[in-house]
Amino acid sequence: MSLSRKRQKELRQLQSEAAKLWAAQQVVVGEAAGIAREAGRQLDNFRREQVVPTVQDVYEHRVVPVVDKGVKFSRDVVDHKVVPAIGGVVGSALTAWDIANAKRTGTAHTPRAVLAVPAERKSGLGIGAVIAIVLGAAAAVGVLVAAWQALRADDELWVADDPLNAPEA
């Protein structure tokens, strides 16, 4: 299939214009890449100078006091509410246990006789101390989980790292 000279001339002219357009687009893309690099550098400067100090200030003045207050509150609750209540329940249960053992063995006929007998001094941690330690650890874990939930990043707030692809023609 042969083309006329006129069509060949038009095709060469079209190829020349396409080559000029391609060269111009390459220049524009090169300039855009330079602008993107500079924008990234400026964004890094902004992050270093503005964002990081602000985040550190908010962390130090808002998050740390709240977490400390939560730890103190949970420690106070455990020390003044939970441990005495559990100690009372455990003490009552142990007293009932001692009375039941005394009745079964026949060593004492009344609960007063059991209470009047001096108890042996035990060494080491008692059941109350173990329960207090477990509850304190559970409270500390609860505070840490609450702080982690408050500070973790939400996936919807972040921009994807993948660059945008040009639409296909």
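The numbered points below go from the whole chain to single residues.

1. Please keep in mind throughout that this is a predicted model. The protein chain holds three helices and zero strands, so that its elements, taken from the N terminus, read α-α-α.

2. Of the 169 residues in the protein chain, 5% count as buried. The chain exposes about 15100 Å², and carbon and sulfur atoms supply 62% of that area.

3. The count of salt bridges comes to four, among them one in which the side chains of Arg-7 and Glu-10 meet at 3.0 Å, N to O. Both residues belong to helix H1, where they lie three residues apart, about one turn of the helix. Arg-7 is partly exposed because its relative accessibility is 44%, and Glu-10 is likewise partly exposed, at 37%.

4. Glu-38 and Arg-41 form another salt bridge, with the closest N and O atoms 2.8 Å apart, and they too are placed three residues apart in helix H1. Glu-38 has a relative accessible area of 35% and is therefore partly exposed, as is Arg-41 at 45%.

5. Asp-44 pairs with Arg-48 in a salt bridge whose closest N and O atoms are 3.4 Å apart; the two are separated by about one helical turn because they lie four residues apart in helix H1. Salt bridges with shared partners join Asp-44, Arg-47 and Arg-48 into one network.

6. Leu-43, Phe-46, Val-51 and Val-55 make a nonpolar surface patch of about 370 Å². Val-51, which is found in helix H1, residues 5–105, counts as partly exposed because its relative accessibility is 36%.

Note on methods
Residues numbered from 1 in each chain as written. Predicted model: local features only at pLDDT ≥ 70, side-chain atom pairs only at ≥ 80, totals over all residues. Heavy atoms only, no water. Patch = residues over 30% accessible without salt bridge, like charges linked within 9 Å, V, L, I, M, F, W, Y side chains within 5 Å. Areas by Shrake-Rupley, 256 points an atom, 1.4 Å probe, with all protein chains shown as cover. Buried < 20%, exposed > 50% of the residue type's maximum accessible area, 1.4 Å probe, protein only.
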